[in-house]
Amino acid sequence: SFDVKIASSGQTITIPAGKRVTEVLEEHGIKVPTSCSQGVCGTCLTGVLEGTPDHRDNYLTPEEQEEGKLFLPCCSRAKTPFLALDL
Ligand code: FES
């Protein structure tokens, strides 16, 4: 598992193994728009303010993945114990 922090509210939410970030956020009333939920369409694109994403998508360029400022929370996870999201 890893934690995500919602920048606008300061709320910290734990993402368990086997659950999508978008799924867990929605359970907490934070709706990130999704379409494909497979890391292809880019609909759920979210800014990353702190931490390192573990990219599982096929949308970002290798350069964007390396930069780590954006991620696709319908499928991607975290390499660090904590990600701060621009939500
Ligand atoms: Fe399509 Fe996340 S919903 S990339």
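**Entry 1: the hairpin**

I began at the hairpin of β1 and β2, where 5 residues lie between the strands and G10 takes a positive phi near 80 degrees. The strands here are DSSP runs of E with at least two residues, the helices are runs of H or I with at least four residues, and I number both from the N terminus. What I am reading is a predicted model, in which local features need a pLDDT of at least 70 and side-chain atom pairs count only at pLDDT 80 or more, while totals for chains, interfaces and linings use all residues. The residue numbers I write down start from 1 along each chain, as its sequence is written.

I noted that β1 and β2 run antiparallel and are joined by 4 bridges; two strands count as paired if DSSP finds at least two bridges between them. In this pairing K5 stands opposite T12 in β2.

The cut-offs I use are 20 or more other C-beta atoms within 10 Å for buried, 12 or fewer for exposed, and anything in between for partly exposed, with the C-beta atoms placed from the backbone. Leaving aside neighbours within four places in sequence, T12 is in contact with D3 and K5, where contact means that the C-beta atoms, placed from the backbone, lie within 7 Å. I also looked up T12 and A84, which are 72 residues apart in sequence and 8.7 Å apart in space, from C-alpha to C-alpha.

The mean pLDDT of the protein chain is 98, and 100% of its residues reach 70 or more. For the complex, the predictor gives an ipTM of 0.99 and a pTM of 0.95.

**Entry 2: the sheet**

Which strands form the open sheet, and in what order? I read the order as β2-β1-β7-β3-β5, which makes 5 strands with mixed pairing. The edge strands are β2 (12-15) and β5, each of which pairs on one side only. As a reminder to myself, strands of a sheet pair through backbone hydrogen bonds, either parallel or antiparallel.

I went through the remaining pairs in turn. Strand β1 (residues 2-6) runs parallel to β7 and is joined to it by 4 bridges, and the bridge partner of I6 in β7 is L85. β7 also pairs with β3, here in the antiparallel sense and over 2 bridges, with A84 in β7 as the bridge partner of E50. Strand β3 (residues 46-50) is joined in turn to strand β5 (residues 70-71) by 2 bridges, and these two run antiparallel; T46 stands opposite F71 in β5.

**Entry 3: the whole chain and its core**

I counted 2 helices and 7 strands in the protein chain, which follow the pattern β-β-α-β-β-α-β-β-β along the sequence. The chain is as compact as a globular protein of 87 residues, because its radius of gyration is 11 Å, close to the 12 Å of the globule rule. That radius is taken over C-alpha atoms, and the rule is 2.2 Å times the number of residues to the power 0.38. Buried residues make up 25% of the 87 residues.

The core has 14 residues, of which V4, V21, V48, L72, C74, L83 and L85 touch the most other members. The elements that give two or more residues to this core are α1 (21-27) and β7 (82-85). Not counting residues up to four places away in sequence, V48 touches P53, G68, K69, L70, F71, L83 and L85.

**Entry 4: the loop between α1 and β3**

My last stop was S37, which lies in the loop between α1 and β3 and has a positive phi of about 55 degrees although it is not a glycine. S37 is partly exposed, with 16 other C-beta atoms within 10 Å. C41 has its place in the loop between α1 and β3 and counts as partly exposed, with 16 C-beta neighbours inside 10 Å. Not counting residues up to four places away in sequence, C41 touches S35 and C36. C41 and P53, 12 residues apart in sequence, are 18 Å apart in space, C-alpha to C-alpha.

Note on methods: Core = buried A, V, L, I, M, F, W, Y, C linked by C-beta atoms within 7 Å. Contact = placed C-beta atoms within 7 Å. pLDDT = per-residue confidence, 0-100.
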